[in-house]
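Please examine the sequence and the three-dimensional structure shown below.

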Amino acid sequence: MCPFSRGRGLLLAFCFNSENPLRGSTMAKFRSIALLAGISVLGSACGAPESETQDTQQVSFEEFRAGAYQEPESGGFVVDGDIFLPTESELREFYEQSVGGIGTQQGALAVYYSGGRDIKWSASQALNLTYCVSTKFGGNYTRVVNAMKSAAAEWEAAANVKFVHVSAEDSKCTNRNNNVVFDVNQTNTSQYLARAFFPNSARRSANVLISTTSFQNISPWTLEGVLRHELGHVLGFRHEHTRLTSTGCYEDNAWRALTPYDASSVMHYPQCSGTQTGDLVLTSNDRSGARALYP
């Protein structure tokens with residue numbers, strides 16, 4: 001998740017520019033891939049944003065790659081604030097999804113949809129989403145443990161899922177620990193507040209990384225709110241703002257709508273024409289969508 005910025009036009013620069021001043025303009029240009037001139041196709045319930053007509057120039061994959069943030073530790077790429085793509089081939093797939101499949105559909109809380117299927121946990125695994133919290137958080141360790149517990153409890157109350165903190169694994173909490181489904185670790189990057197993964201990620205990529213900046217003043221958000229959003233990704237939910245090109249934050253067409261569009265969704269960036277002005281909390285639509293995916 002990107003650091004909060006009230007000025008919608010500042011979103012990309014705020015999320016990507018600290019190390020490469022060209023990233024903001026390149027990524028802003030990439031957003032316009034979703035606004036290719038003259039395209040208006042009748043959409044279905046899967047991955048079709050509201051159509052718009054606008055003259056744009058499509059960026060090349062090379063330009064897009066140059067604008068994405070590459071994590072020095074993992075070598076993976078982070079796009080759209082908190083979407084982690086472990087390899088360059090997955091980055092290219094994301095790029096190709098973003099330049100194709102444009103249509104007309106106002107969707108809602110949406111699940112990651114790829115290869116003709118929903119990307120979600122099996123019914124049995126959804127009830128045993130084990131994780132560890134690294135002791136390397138130091139003085140913030142207890143704060144992270146409590147924030148994870150609070151964020152997980154809200155999704156558990158809405159859907160048939162269960163997050164299980166395996167504290168015995170905390171002292172050896174890395175992405176090589178196969179005794180848990182995912183790990184929660186700290187990063188020093190200022191490129192995002194936190195980032196997560198989707199259910200189809202390999203174990204080495206299945207981690208929630210929390211930036212040290214999340215322990216600073218991020219009002220009106222809280223660490224709990226940020227983790228509510230990130231655990232939504234862990235369950236398979238996409239960013240809500242990718243439903244409409246009018247949000248200025250369209251990402252790609254790899255999603256399937258679950259509920260009516262909700263600008264206040266916990267999965268909607270406020271700076272992308274969202275209406276959530278306080279902390280990131282689950283709405284009634286979020287809960288309905290979660291129940292639909294995990295009944």
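Predicted model: local features only at pLDDT ≥ 70, side-chain atom pairs only at ≥ 80, totals over all residues.

Residues are numbered from 1 along each chain as its sequence is written, and side-chain values use heavy atoms, with hydrogens and water left out.

**The chain as a whole**
- The protein chain contains 8 helices and 11 strands; these are DSSP runs numbered from the N terminus, helices being H or I of at least four residues and strands E of at least two.
- Of the 295 residues in the protein chain, 56% are buried (under 20% relative accessible area, with a 1.4 Å probe and protein chains only).
- Among contacts (heavy atoms within 4.5 Å) with a separation of 6 or more, 72% join residues 24 or more positions apart.
- The accessible surface (Shrake-Rupley method, 1.4 Å probe) is about 11500 Å², and carbon and sulfur atoms account for 49% of that surface.

**The sheet β1-β2-β3**
- Three strands form this open sheet with antiparallel pairing, where pairing requires that DSSP find at least two bridges between two strands.
- Strands β1 (69–70) and β3 (83–85) each have a single partner strand, so one side of each lacks a neighbour in the sheet.
- Strand β2 (residues 77–79) is joined to β3 by 3 bridges, and F77 stands opposite L85 in β3.

**The sheet β5-β4-β11**
- This open sheet also has 3 strands, and its pairing is antiparallel.
- Its edge strands, β5 (117–118) and β11 (255–257), each pair on one side only.
- Strand β4 (residues 110–114) pairs with β5 over 2 bridges, and Y113 stands opposite D118 in β5.

Terms used: Buried < 20%, exposed > 50% of the residue type's maximum accessible area, 1.4 Å probe, protein only.
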